[in-house]
Amino acid sequence: MRSRRLAAAVVLAASVALTGCGRDSGGGQDEAKSVGAGKASGDITVWAMGTEGEKLAEFAKEFSTENPDAKVSVTAVPWDAAHQKIASAIAAKQTPDVSMIGTTWQGEFAKSGAFDPTPPDLIKKDDFFPGAWDTTIVDNTSYGVPWYVETRLIYYRKDLAAKAGFPDGPKTWDDLKAMAKGMKDKAGAKWGLNLQPGKTGSWQSVLPFAWSNGADVASATKLSFDTPEMTEALGYYQSFFKEGLSPTALPDGALEPGFVKGEIGAFISGPWHMGIVEEQGGAGFKDKYAVAQMPMKKSSTSFIGGSNLAVFKDAKNRDGAWKFVQWLGKPEVQVKWYQAVKDLPAVQSAWNDSTLSGDTSLTAFGQQLKSAKAPPAITTWEQIAAAFDLEVEKLCKQNADPAATAKAIQEKASAIGTGS
Amino acid sequence: MADASAATAPARPAGATSPDRPAGSVRRRQRLRRALTGWAFSAPFTVLFLVSMALPVVVSLVMSFTDLRSTDLRNPLAVNVVGIDNYTRLFSDQLFLRSSVNTLVFVIAGVPLTMVLALAAATALNSGLVRFRALFRVGFYLPVVASIVALSVVWRFLLDPEVGLVNNLLRLVGIDGPNWLYDARLALPSLIVMAAWRNLGFLMVIFLAGLQAVPADLYEAATLDGATRWQQFRNVTLPMLRPTLLFGGVITGIGYLQFFEEPLVMTQGGPLSSTLSVSFHIYNQFGFGNYGYAAAGSYVLFLAIVALSVVQFRLLGERN
Amino acid sequence: MATKDTTLRTRDRVATTVLYVVLLLGLLAVAGPFVWMALSSLKPEREIRDVPPTWWPETVTLDNFRGLFSRLDFPLYFLNSALVATLVMVGNLLFCSLVGYALAKLRYPGKRALFLAVLGMLMVPGMVTFVPQFVLVSNMGLTNTYAGLILPFLVGPFGVFLMRQFLQSIPDELIEAARVDGAGEFRIFWRVVLPLCRPALATLGILTFLASWNNFLWPLVVATTEDKYTLPVALALYSVGENERNYGLLLAGAVVVVLPVLIVFLVLQRHFLRGIATTGIK
């Protein structure tokens, strides 16, 4: 048996060498199949990263209580190389039944044909935040279910904001700029607002400004970074660096201590930073800072991230896998999951629970999530994002012209293409 | 290296290998026997080598002539053969060119720096005066065995512009230290120093071994001739150490051309792509799912490694 | 005469002192960061992140090390790593010395091609073969098995290169003498040649053990359930999050991971030195 498989691999290598095959263009649309009724059964294998991977096994015991014939086996995967692991598993057709998938990987993996389309009879689109649901869509078909979400808000020091004249935080683009200036000039902060000067993931801070300015940068088939709205947003972003309000070379790990000491007045980040600054700030720091919605221009639109759950085509237990995914998406389970690992629910109705609705910082995130956006799930997004980050770095550190930056991003992105 | 080694291998005693010429059939049988023995020894390795290494190399080489992307992984036969497109595209890829320059700088500065430091440490430890030699050996070797992720934590603290040890030392002598890792001109030099620091222990051990093999009477003779320590080093140590230097140079060159871990954990290739190396660029391309393109990049790197090794053999190797 | 002697001795003493000072400074520079790492693994997470960083732990705690045992099944991962690294080491020692002997001392057709293939392999960047290698291993049905973790590393070009270079310096007379005594080729290898190779074997042993012990990506991808994870994979799991790192666990893990390798190095270092010396690559 083994030797036959080996022989197959050799033949495979040789045939690639000898023949140029050429892929089918287009290919048939996937048809979502329904999932049978009744309780789940059998072994369900799940991969999950980081904290989720560490905690899910214990958490899933309740699922097994409700479905006595089903057993969930979770493998925790380090974030460091999770993408490589999933890609390799797809190549070897050795996938688990379900895996947690970073939202920006969705396009690439779905396009490879590795995911099973979401059965609409089981999962209801409208239950989820629209921005989160969009991350599962590839070629008009949904290939997974949002599990948890996060979005970016403005964290600011209340005391410094008050001195700067914005006791309730910034509401508009002008507010944000004036607050940052005031924090630096009047409140004695070294930096008014920390913004990411390029580097991996800076697009997640820049695009909210572009979206808030009405720019529509990318759809599944079209890339349009070179627009007046985009240029204006880039110019606004750059002005914080030009005017010395934002640092261009803040060392790793210096943000949180700087914020705690009041040297940095504000920064943009996701919900995980609440825990970090509260831990580093010690007792009482929770009252010293607040979070604000992304400032308004034409709208207040932030970035939505998080992770989805996808079921693989090569799943051995498709039925059980989808039932497990459906269970994780129940509002009451989402609330419990928040309590277990602090992951924000992707299901809107879960936010009505008092656990979440009772906390003002959390409700700020919940509010922002309703309109938050994600880039479309195109296969080449990670590569486009990397090119984007490089141009933003030039914008912030070398004072590149915003219009030229927008043009350069567009050129590089079109060269990469959407991969469809 | 094959020729170099053969040159100093002890000469065969003539009588041992040339007995009276046997008749043709006996000779043929003997040759067959020799072949069988040789391959009996080589077979276990060769089988494993072919299956687990050579075959993947062939597949990846083929891959470099196709437009295979990660989205094709379930169906790898359905790709297009694109000839040398990937290779030509590399040379108009600005990031690839930039990373080539960075890597070249890294190799040209890093290999000699590491070798000089390692040689200095080895010579000092070999000077015959030193007690606690094992302690020093292990101490200098420590960075070689430690995990790069943990080391990156330490180095980021060392190079921190405000509180880092390096800038605090500079402050003692009245210099206001720069922001090492965030300055596009200084980031690469910083990583070069870090790499030299990490690797000098390995080379030191190799050089120590080479130094111990230098016959002591050569030094005695030199001392009698009134040669200073420096003259002894130049005229005795260095020439005798040439083969070892060659080995060290080649191994370090192969490693440094694949410079990857330091930028990955310290700078992610920044700032402004100033520490992006060829290996890192290729790694990114694999990450983006451009498998064919990344494979082509790997084989360009392979050729560079071969070329560098050849040059080093020309420069340092013995002629024969 | 006497005065000249004393000045010479004083000069020697000065030189020795200078040498020690220089070496100590060098040692500080090289091992210092490492010592900081070890000391910091005894600090609470908060203190590790302290700005400015401290040298001596203000609060000494074993929490990070306890975390290794309570948060992950440390003994299991340790055993997995030890098993894989040991078998990889043994495989390399055996197979590479066999073929090294053939390449150095036997004459047979195809030898030159084999050696060139080995040298070429030494120069191929590792990451290019990763995916084909994995597809191959999984086609053989070896994902999530110890065999799958070990197989691709059982032999390596570096080991063959090293053993061949070393074996070439062993005098032919010894081998010829054994042949005249009527010993078979394998017996010669096993009884005469291998015992002479101890230094080179020690060198190869530590290097392959170290490489396998620190290997991260391959075991991560091949092991699909946690019970087959190795130590570096398990440590990455708990110390590196999506948005943050747990430095305490990371540093404690780094210290614990280094210890076995350091012990192997300490035990083998005398052989190790002579090993590379003789390879001494003439």
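This is a predicted model: local features need pLDDT of at least 70, side-chain atom pairs count only at pLDDT 80 or more; totals for chains, interfaces and linings use all residues.
The domains touch each other: 21 residues of domain 1 of chain A are in contact with 21 residues of domain 2 of chain A. Together they bury about 1700 Å² between them, and carbon and sulfur atoms give 59% of that area. On the side of domain 1 of chain A, A:Thr104, A:Phe365 and A:Gln368 supply 35% of the area buried against domain 2, more than any other three residues.

## What joins the domains

Between domain 1 and domain 2 of chain A there are zero salt bridges. Polar contacts are present, with eight residue pairs counted between the two domains, both residues of each pair being at pLDDT 80 or more.

Four elements of chain A each supply at least two residues to the side of domain 1 that touches domain 2: helix 5 (106-111), strand 4 (137-138), strand 6 (145-151) and helix 16 (360-371). Helix 16 of chain A gives the most, with seven residues. Sorted by class, this side of domain 1 of chain A holds seven nonpolar, ten polar and four charged residues.

## A covered helix in chain A

Helix 13 of chain A runs over residues 318-328 and is mostly covered, with eight of its eleven residues buried. The buried residues of helix 13 of chain A are A:Gly320, A:Ala321, A:Trp322, A:Lys323, A:Phe324, A:Val325, A:Trp327 and A:Leu328.

## One residue of chain A: Gln383

A:Gln383 sits in helix 17 of chain A, which spans residues 381-397. Is A:Gln383 buried or exposed? A:Gln383 counts as buried because its relative accessibility is 14%, and the cut-off for buried is under 20%.

Leaving out residues up to four places away in sequence, A:Gln383 touches A:Ile416, B:Gln285, B:Phe288 and B:Asn290.

## The fold of chain C

Chain C contains 14 helices and zero strands. Read along the sequence, the pattern of chain C is therefore α-α-α-α-α-α-α-α-α-α-α-α-α-α.

Of the 282 residues in chain C, 58% are buried. Among contacts in chain C between residues at least 6 apart in sequence, 71% join residues at least 24 apart.

## Where chain C meets chain B

The size of an interface is often given as the accessible area lost when the parts come together. For chain C and chain B, the buried area is about 8100 Å², and carbon and sulfur atoms give 80% of it. The contact takes in 91 residues from chain C and 89 residues from chain B.

How many salt bridges are counted between chain C and chain B? The count is zero. Five residue pairs in polar contact, both residues at pLDDT 80 or more, are found across the interface of chain C and chain B. Helix 1 of chain C (residues 2-40) provides the largest share of the side of chain C that touches chain B, with 16 residues. By class, that side of chain C divides into 68 nonpolar, 13 polar and ten charged residues.

Technical notes:
Residues are numbered from 1 along each chain as its sequence is written. Chains are lettered from A and ligands numbered from 1 in the order in which they are written. Side-chain values use heavy atoms; hydrogens and water are left out. Contact means heavy atoms within 4.5 Å. Buried area is the accessible area (1.4 Å probe) that two parts lose on being put together, summed over both. A salt bridge is a side-chain nitrogen of Lys or Arg within 4 Å of a carboxyl oxygen of Asp or Glu. A polar contact is a pair of N or O atoms within 3.5 Å; within protein, one must be able to donate a hydrogen and the other to accept it, and residues adjacent in sequence count only if both atoms are side-chain atoms. Ala, Val, Leu, Ile, Met, Phe, Trp, Tyr, Cys and Pro count as nonpolar, Asp, Glu, Lys and Arg as charged, and the others, Gly among them, as polar. Buried means under 20% relative accessible area, exposed over 50%, partly exposed in between (1.4 Å probe, protein chains only).
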